[in-house]
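Subject: A structure for you to look at

Hello,

I am passing a structure on to you, and I hope you enjoy looking through it. Please open it first, and then read my notes below.

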Amino acid sequence: QVQLAESGGGSVQAGGSLRLSCVDSEYTNSMYCMAWFRQAPGKEREGVPFIYAMGRSTYYSDSVKGRFTISRDYALNTMYLQMNNLKPEDSAVYYCAAEPVASQSRCFSLGATGFTYWGQGTQVTVSS
């Protein structure tokens with residue numbers, strides 16, 4: 001059973017940076033699609049970056065492209081989300097998610113309902 005735990009959330013002013021971490025309790029191999037989702041009050045859960053195949057493949061939504069970087073340290077069973085130039089609209093609860101998949105295309109097409117394993121979430125608040 002894969003168990004995920006996020007950390008690193010907090011409050012920051014616009015333009016600042018935060019780094020989120022997601023530790024998984026078991027080894028999620030290269031065939032796992034992993035992603036960071038975020039959910040603001042009253043909004044749907046949005047997938048922002050995805051990572052697959054030992055970190056060789058990544059996908060970013062337009063809303064975070066150029067500002068966020070997803071990475072994976074398989075030796076530490078940890079996924080990271082480096083968030084730079086944060087904006088107030090980035091404020092949300094951030095969740096990491098994992099799902100075993102057979103292809104990159106499948107990974108990058110997954111919505112929130114396609115992921116089986118979730119962390120408990122960590123709050124990110126960006127003030128203007």
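**What I found**

N77 counts as buried because its relative accessibility is 17%, where buried means under 20% relative accessible area, exposed over 50% and partly exposed in between (1.4 Å probe, protein chains only). Before going on, please note that this is a predicted model, in which local features need pLDDT of at least 70, side-chain atom pairs count only at pLDDT 80 or more, and totals for chains, interfaces and linings use all residues. Residues are numbered from 1 along each chain as its sequence is written, and side-chain values use heavy atoms, with hydrogens and water left out.

Back to N77: this residue is in the loop between strand 7 and strand 8. Helices (H or I, at least four residues) and strands (E, at least two) are DSSP runs, numbered from the N terminus. N77 is not a glycine, yet has a positive phi of about 50 degrees. Most residues other than glycine have a negative phi. N85 also has a positive phi of about 50 degrees without being a glycine, and is found in the loop between strand 8 and strand 9. With a relative accessible area of 43%, N85 is partly exposed.

Next, the interior. A nonpolar core here is a set of buried Ala, Val, Leu, Ile, Met, Phe, Trp, Tyr and Cys residues joined through side-chain atoms within 4.5 Å. The largest one has 27 residues, and L4, W36, M79, M83 and Y94 have the most contacts inside it. Among the elements that give two or more residues to this core are strand 3 (18-24), strand 5 (46-52) and strand 8 (78-83). Strand 9 gives the most, with 4 residues. A second, separate core of 12 residues includes C33, A97, V101 and F115.

F115 also takes part in the aromatic pairs. Rings of Phe, Tyr and Trp (its six-membered ring) pair if their centres lie within 6.5 Å; planes under 30 degrees apart count as stacked, over 60 as edge-to-face and the rest as tilted. By this rule there are 9 aromatic pairs. One aromatic cluster is formed by F37, F50, Y59, Y95, F108, F115 and W118.

Finally, which residue's backbone nitrogen lies 3.2 Å from a polar atom of the side chain of T122? The answer is G9. A polar contact is a pair of N or O atoms within 3.5 Å; within protein, one must be able to donate a hydrogen and the other to accept it, and residues adjacent in sequence count only if both atoms are side-chain atoms. T122 is in strand 11 (residues 122-127) and is buried, at 11% relative accessibility.

Best wishes
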